Amino acid sequence: MGKTLAEKILSQKSGQDARAGDIVIARVDLVFLQDTTGPLTARQFQATGFQKPANPKACRIFIDHAAPSPSRELADDHIFLRHFARETGCGLSDVGEGVCHQLVAELWANPGDVIVGADSHTVTAGGVGAFATGMGSSDVAIAMALGQTWFRVPETFKIAGEGDMARGVTAKDIILYLIGQLGADGATYKSLEFVGSAFSKMNMEGRLTIANMAIEAGAKVGLFPSDRVTRDFLKAGGRGARYQPIQPDADATYERVVEVDISRLEPMVARPHTVDNVVPARELKGTRIEQVLLGTCTNGRLGDLALAASILKGKKCHPETRLVVAPASRAVFKAAIEAGYITDLLDAGAAIVTAGCGPCLGLHQGALGKGESCLSTSNRNFKGRMGNPEGFIYLASPATAAATALRGEITDPREVI
Amino acid sequence: MIKGKAHKFGDDISTDLIVPGRLAHLRSNLPELAKHVLEDADPTFAGRVKPGDFVVAGKNFGMGSSREHAPLVIKMAGVSAVLARSVARIFFRNAINQGLPILICDTSRISNGDELEVDMARGMVNDITSGVELSFGKIPPVMMAILGSGGLIPYIQKYKGFQLPD
Ligand code: SF4
């Protein structure tokens, strides 16, 4: 009997014949934590009595969520994490280097790897073909200490996408549409496997955007087969030797098959306060937006900034709408400067903040005021997410974000491109 | 046998509603953070909850971020178990790792304020107020062992690694 991607990777890493429903103990190739879940992780690690991780080189600490620190308490947490990194030999990515998931994709994730992170969007690395999943602080502390952890092998939903994206439609619209179909808990505990011509043609940035949001349907992982696009991506990042092709078997067992005609999709928006509350952007015409956020681990990559810049170049944002841009990493930021995108965005009136999470989780750099609405390219619109339970968050693509910044109200990007 | 009062919540209670990101500066000050438990879902909850009480929710409880502070502050508030129609995956694992039982059952049959009695061994919830009896889903053996040790840290201290039942 054939295997899904999840079964293949977990078989390799556990040395067992891993099948959906089995519990296995698997080796982990990378364990990481960030500055809001990290202090508890480090304390759990110490509380258990461990001094050093099983493999410090495979452990990484990111200071990205509250970076630079907005408060003295968080600054103290940062000090603690830097200390912990030095004592344990874990790698450290400090203020300004970027969002953990972007850096993991740029620098460390390989097809077939098992990656656990103390952050729910660890699933992002599934775009590269890594079995990557988020866990809590205790689980991550123990995975660091032992170099392995236990998994229940997930059942898989095969998401089969055919057809080309229409003008103005992006990977973000595909995943918003899918979450609208599946529901916010429609894929709880499952692996989502993205196959078909639409996904095999998709570039790595699009794959990362889609894998990033697998968790918003409750999934444990969102996996792309490893193919030529993966190989070229790894090569460009200087780790071509880490490429291995991994495809699901033709006779793999799927719990559910979802077929999507990608060519029929249009720009989509998730309305407050759940990610599955999805409608076409055009239906929300006239909805006033006070803040637009372009960035995050979902859509803060170079192609995203390029797309927004191409719409905003030579124009001005609406006078009553502020545009906040947070590049996903320092490498993205630098490339966007060199390509002129940052100048285009600045000229349009954007405020550019540190590469990192920025205002995404409501800590700083763009918390919402009472009754304000934000259209964000991030992945969550939960009540209170951007620092205020009396704020409203809409999720959309970088194209929709740029069009909305221009008009000051939710705008289908096809109206402006 | 655990006894307490039911505090009802709706569907899709996110970890942002349980312990909002804007309070991240309190995460290294847990007693202070715990005062805000479930604040954005029900600001009066922290003041009303008594040791032994139950959080009773709809579907997809604990969705969203991986912050283990969410089950941690619920436990610190004295809650003895969370009953829900379904729970998000990471929250489920985190709660067990913190030694907080998660009982999956048809919570629509429990009303706010009902007196409940939970029999972990039999897998039954008895709603004393209404007389309704509900069975709850089995927790996988590896998680039962972690729960039985009082959480993941004491479990690892005891066994020095993961033990899979045959
Ligand atoms: S960018 Fe937002 S969603 Fe991504 S890791 Fe940071 S806070 Fe989380």
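Buried area is the accessible area (1.4 Å probe) that two parts lose on being put together, summed over both. I worked on a predicted model, in which local features need pLDDT of at least 70, side-chain atom pairs count only at pLDDT 80 or more, and totals for chains, interfaces and linings use all residues. Residues are numbered from 1 along each chain as written, chains are lettered from A in the order written, and side-chain values use heavy atoms without hydrogens or water.

**Entry 1: the domain interface**

I looked up the division of chain A and found domain 1 (5–261) and domain 2 (268–412), with bounds from an automatic or database assignment. Their centres, over C-alpha atoms, are 24 Å apart. About 2800 Å² is buried between the two domains of chain A, and carbon and sulfur atoms give 59% of that. On the domain 1 side, K172(A), L176(A) and E205(A) lose the most area, together 19% of what that side buries.

I then looked up contacts (heavy atoms within 4.5 Å). In chain A, 36 residues of domain 1 touch 36 residues of domain 2.

I checked salt bridges (a Lys or Arg side-chain nitrogen within 4 Å of an Asp or Glu carboxyl oxygen). The rule finds 1 across the interface of domain 1 and domain 2 of chain A. R380(A) and E216(A) form a salt bridge at 3.1 Å, N to O.

Next came the elements; helices are DSSP runs of H or I with at least four residues, strands runs of E with at least two. Helix 4 (100–108), helix 6 (171–182) and helix 8 (204–212) of chain A each give two or more residues to the domain 1 side. Helix 6 of chain A gives the most, 6 residues.

**Entry 2: other salt bridges**

I found 35 salt bridges over all chains. R414(A) pairs with E266(A) at 2.9 Å between the closest N and O atoms. R414(A) lies after helix 14 (398–407) and E266(A) in the loop between strand 11 (256–261) and strand 12 (268–270) of chain A, so the pair ties together parts 148 residues apart in sequence.

For exposure, buried means under 20% relative accessible area, exposed over 50%, partly exposed in between (1.4 Å probe, protein chains only). R414(A) is partly exposed at 29%, while E266(A) is buried at 17%.

In chain B, D16(B) and R67(B) form a salt bridge at 3.2 Å. D16(B) is in helix 1 (residues 15–18) and R67(B) in the loop between strand 2 (54–57) and helix 4 (69–76), 51 residues apart. D16(B) is buried at 0%, and R67(B) is buried at 3%.
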